[in-house]
2 protein chains.
Amino acid sequence: MTATLQGHNPRTGQPVGVPVPDSDASTIEKALVRAWDARRAVSSTSLEQRSAWLRGISAALSEHRQDLVELADSETGIGAGRLEMELERTCVQTELFVQVLADRGYLGVMIDHPDPDARPVARPDVRRVLQPLGPVAVWAASNFPFAFGVVGGDTISALAAGCPVLVKSHPSHPSLSVRLGQLVRDALEDAGAPQGAFDVLHGDEAGLTLIADARIRAGAFTGSLSGGRALLDKANARPDPIPFFGELGSNNPVFITSAAAIERKGEIAEGFVASLTLGSGQLCTKPGIVLVPKASGLSESIKKALPAELPVPLLNERIHTSYREGAKRLLEAAPPDGSVVPADLSDKPGFWTTPALAVVDSSVFRDQFAALSQECFGPFGLVVECASDDDLVDVARLFRGCLTGTIHAEETDRVLAARLMEELAERVGRIIWNGWPTGVAVTWAMQHGGPYPATTSSATTSVGATAINRFLRPVAYQSVPQFLLPEHLRDTSKAPRRVNGTVIAPS
Amino acid sequence: MTATLQGHNPRTGQPVGVPVPDSDASTIEKALVRAWDARRAVSSTSLEQRSAWLRGISAALSEHRQDLVELADSETGIGAGRLEMELERTCVQTELFVQVLADRGYLGVMIDHPDPDARPVARPDVRRVLQPLGPVAVWAASNFPFAFGVVGGDTISALAAGCPVLVKSHPSHPSLSVRLGQLVRDALEDAGAPQGAFDVLHGDEAGLTLIADARIRAGAFTGSLSGGRALLDKANARPDPIPFFGELGSNNPVFITSAAAIERKGEIAEGFVASLTLGSGQLCTKPGIVLVPKASGLSESIKKALPAELPVPLLNERIHTSYREGAKRLLEAAPPDGSVVPADLSDKPGFWTTPALAVVDSSVFRDQFAALSQECFGPFGLVVECASDDDLVDVARLFRGCLTGTIHAEETDRVLAARLMEELAERVGRIIWNGWPTGVAVTWAMQHGGPYPATTSSATTSVGATAINRFLRPVAYQSVPQFLLPEHLRDTSKAPRRVNGTVIAPS
C-alpha cells in the first residue's frame, strides 16, 4: 500500500482535497534522471531565456491568484488577505531575480590579463566566472506556502542560477503543492525550459533519497531545528558532502531600553504583540523573546495588549500539539500571575489556539537559558524582565545564532545601543532599529540568515538578491582561447567585471 | 613527559634544530582566550590599519629572507631556489590583500533606501556589509612551508578579513614554524595589532582542541584527504557546525588530443615531466594522471623524458613511505615494460627517491578507477592510453572533483575541446589550456578549489583575492541611524557599493 499525504483544513480539522500519494522509488529515480540529464541544458541557457522562465512563473502565479489563495487557505488557515500578500511577494521575489540576471554582476566575472613582469614569475591569462552547481533539492516550508514553498525563494534562486530543481513538498499542503508543481512545470514548458528543469516529489522517502543521491549537488531547507539538523548531518555524511542551506529556527530577541520603554510604552507593547501574533506567530522572524526593563511596567502593557480572546488556527496538527506542549513547558518556568495561558479549545474542532505569554525575571532566564530559549512555534512570547540596561547587555550575550535582533532605544541611548549592536552583530543576520523583525523586505541588501542554529550556513541568505550565490561556484579558465570561453568571460562580453583588479562598469 | 616535534633534514634523515614541545592544554587554552578576547579589537580596526599589519608581515619576510630560506630548506629539502620563489610569492600574496582592502569591494556593501511604494508593502532602509566571523584556525601544510604555512594564504586572508588566527603548525617543519610565528607576532605587534590577533600552536592535541572549540568560528586546512575529512567531520559534528575550508587532494588530469600529440609530442612530453616532477611532485596541482592517445607513442616519449637517474628528497619520512607504497600499488596495475619504477635507494640516508611512472590502458583505468585514481603524493605519474578522442572524453567522465583539469589540443580540435571543457567545467576549479597546472598565479581571478574531494567547499578558493570571502558573513542593518552603522554602510562612505540595485563606483 502506498502512503499518502492528506491535507486538512486547520479551521475544521477536516480533510481537504484528495490524498496525494507519496512518490514511489521509481518516480523519484525518474525525476533524478531527468534533472541530471537536464543539468547542462539548464545551465547553458542564456540569461535572457532564464529570465523568460521566471517571468512566466510569476505571470502564472498572478493569473491563478484567486484559486491558489483559496486552495492555500483551505490547507493552511493562513487567511486570504495574508496569502494574497504572500503570493504578490512571491511574484516580486521572482521578478527580483529577473533583475539580478539582467544585471549580470552575480556572475562575479574577473579577468586578469597575462603579465610577463609578475613576481615571482610571469602570469598567464586567468578568467573566473560563477557557474551553476547542478541539480538542487529544495525542502518546502509549512508556514509560507508560496514564498518558501514549491515556488519559493529557494526554487526561484536555484533556477535563476541555472540549476534544475527537485522540490520535496511539505506534507501540510499536498494539494497546493501538486497544483503549484503543475503550474510551474507548465509555465516553464511554455517558456521553453528543458524537460527536467523542475519537478515536485512527495513524502519522506523522497526527502531521504534526495539528500543522499550523488546527482543532487546542493540542498535548501526551511523548517525545524531537528529536521534541518538531521538533513544537514546526512548531507555532511555523504561520500561527497554537499552544501546544505538550512534555515532552522530563531529566537529573534528584542531589546527594549529603559528610555524607550518610558517614552513609547504603549506603542512598543502594541508593536510587539502585533509582530508576535502576525501569521499566528508562525513566522521564522517572530520576536519570540522580548527583553524589557523590569521597572518600566512594559510586561504588564504587553500582557494587556495580547488579544487573548481571539483564537487563531495553527498550520497543522503537529504544530498545534507542539505549540501547546511548548507553551506549557515555558509557562512552568514563570510565576502564574504574569502569564497568559492558551485558551482551552479542546472541544473546538480544528487546530485553534490563542496567543500566550510567560514573564520571567532575567535571573530565571539566565539559569534556565537552554530550556527557555527553545523556540515555541506559534503565537507564544517570552518576556524577560531585566534589572537594568547593563543587565540587558548581559542577557544579549546569552543568545546563540538568530536570524534577527531588534533594538528599541532612544537617541539618548547612544552608548547602550552601540553595546547592544556589538553583541547582536556577532549573533544575528539582521539588526532592526525601532521596528519589528517580521516582514522581510525582498531587496538586494536583505540578509535572511544567521549563525547556527538560525541557519546552517551564516554566509548565505535565503531572501534577497544574493540568495542566488548559494547555487554557484567559481571556475577559472587559464589561457583558454576566446572561442572556448564561457560567454561572459569573452572580451566581447559587456557583463560587469573586474579586469586586472579594476572594476569595469557594465556597458 | 611532553611530546615534542622534531624536524629532520630530508637529505640526511638527521634531526634539525631543537625539539619543539607540543603545546600543552594550558597553552592552547590561553591562546584561545587571547584570540577570543581580541576578536572585536581585530575586527574593528580600520582597513588602513590591517593593511599596515600585512605590509609589516611582508617586510619582515623579505628582511629575513635568507635565514628563512635556509631554515626551510634544512627541514624540507625543497631547495633554496624554489623556496626563494615561494617566499616572494608569499609576500606578493600578502600584498594582494593590501590591494583587496584598499579596494573595499570585498565588503559587498549593498544599500536599499526606503521605498514607500514597494510591493506588497512599503520597505524600510536595509544595508548589508560583510563582517568577520571571529577566530579562525589554520592547519599549515607540509609542502609549501611559506605560501601555505604559518604565514600562508589562509592566515593572511583571515587576518585581512579581520579575524584572529591560530595556526596549528605542520609537524614536518617545527623550527621554521616557531621562527615564522615569532616573526609574524613581532611584525603584528610593531604594526600595532592587538595582542591575540595571531599565534602558533604545535601538536595533535592543539589541532583536535581547535576544531572542537566554540571560540573557533572557521577552519582552513591544506593536506591529505584522510586528515582533511577527519577534521571536516569534526567541524560538522559540533553542536554549532562551523565552515571548514579544506583542500584535500586532486588528480589534476591532463587530456592530450591526437592532433596535439602529433603536432607537439616532444614538447608535451617534456612539459608534462617538468610539471610532474616540480617540487619533487609534492604540489597540490601536480598533474598526477595524463590521458594520451595510444597510437601517438606519447607515453614512450614521456618515459624517455623522465629523469629517472636524478634522486630527489621528499618532505618527510611519512611522505617517503607513502610514496613508495603508493607507487608500488599503482605499478602493479601496469605492464612492467611501460613502467619506470622508483630507484632502490634504501642504503642512502634521508628521504630520497626518484620519479616513477606507470602506463595503463584506458580499459584498465576504467576497471580499476577507484584504486588508480588514488593520489600518490610525490613524483609519480600515471599515463592512461586512450583508444581514440572519444575515449578521452569518456575517461574524463570518470573523474571526481579536482583542483585543475588541463587540455592540450590544436585549433582543429574545436568540437572535441568543447566536449572536454564541458566535462571539466563540472569537475574542476581551474581549466588550463595548452599549459600545465603547477604554478598557481596569485591574482584576483584565480580559483584554487574544486568539487569534493579536491576541497570541502567548492564555492571558495584558498588562492587569489576572493580567498578573503571565506572568513566573512553578511549582516543587514534595518532602519539603523547613521551614527550606529558600521563605517562602510554610512552615507558618507566612499566604498564601492550597490544602491537600490545599481552599482556605484568607488570615489
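Residues are numbered from 1 along each chain as its sequence is written, and chains are lettered from A and ligands numbered from 1 in the order in which they are written. Because the model is predicted, local features need pLDDT of at least 70 and side-chain atom pairs count only at pLDDT 80 or more, whereas totals for chains, interfaces and linings use all residues; side-chain values use heavy atoms, with hydrogens and water left out. Helices (H or I, at least four residues) and strands (E, at least two) are DSSP runs, numbered from the N terminus.

**Helix α12 of chain A**

- Helix α12(A) covers residues 317-332, and its 16 residues reach 23 Å from the first C-alpha to the last, close to the 22 Å expected at 1.5 Å a residue, where the expected span is 1.5 Å times one less than the number of residues.
- Its buried residues are Ile319(A), His320(A), Tyr323(A), Gly326(A), Ala327(A), Leu330(A) and Leu331(A), buried meaning under 20% relative accessible area, exposed over 50% and partly exposed in between, with a 1.4 Å probe and protein chains only.
- Seen down the axis of α12(A), these buried residues fall within an arc of 135°, so they line one face of the helix; the arc is that of the directions from the helix axis to the C-beta atoms.
- On the face turned away from the buried side, α12(A) carries the exposed residues Glu317(A), Arg318(A), Lys328(A) and Glu332(A).
- The cover over the buried residues of α12(A) includes β13 (352-353), β14 (356-361), α14 (369-372) and β15 (380-386) of chain A.

**Strand β5 of chain A and its partners**

- Strand β5(A), residues 136-139, is covered on both faces, with Val136(A) and Val138(A) buried on one side and Ala137(A) and Trp139(A) buried on the other.
- β5(A) pairs in the parallel sense over four bridges with strand β6(A), residues 165-168, and also pairs in the parallel sense over four bridges with strand β8(A), residues 218-222; two strands pair if DSSP finds at least two bridges between them.
- Trp139(A) has Lys168(A) as its bridge partner in β6(A), and Trp139(A) stands opposite Phe221(A) in β8(A).

**Two buried aspartates**

- Asp391(B), found in helix α15 (residues 389-396) of chain B, counts as buried at 9% relative accessibility.
- Not counting residues up to four places away in sequence, Asp391(B) touches Ser362(B), Arg366(B) and Cys386(B), contact meaning heavy atoms within 4.5 Å.
- Asp213(A) lies in the loop between α7 (204-212) and β8 of chain A, and is buried with a relative accessible area of 14%.
- Leaving aside neighbours within four places in sequence, Asp213(A) is in contact with Leu32(A) and Arg238(A).

**Backbone features**

- Most residues other than glycine have a negative phi, and most peptide bonds are trans.
- The peptide bond from Arg119(A) to Pro120(A) is cis, with omega near -10°, and Pro120(A) lies in the loop between β3 (110-112) and β4 (126-132) of chain A.
- In chain B, a cis peptide bond with omega about 5° joins Tyr452(B) and Pro453(B).
- Ser479(A) has a positive phi near 60° although it is a residue other than glycine, and at 31% relative accessibility Ser479(A) counts as partly exposed.
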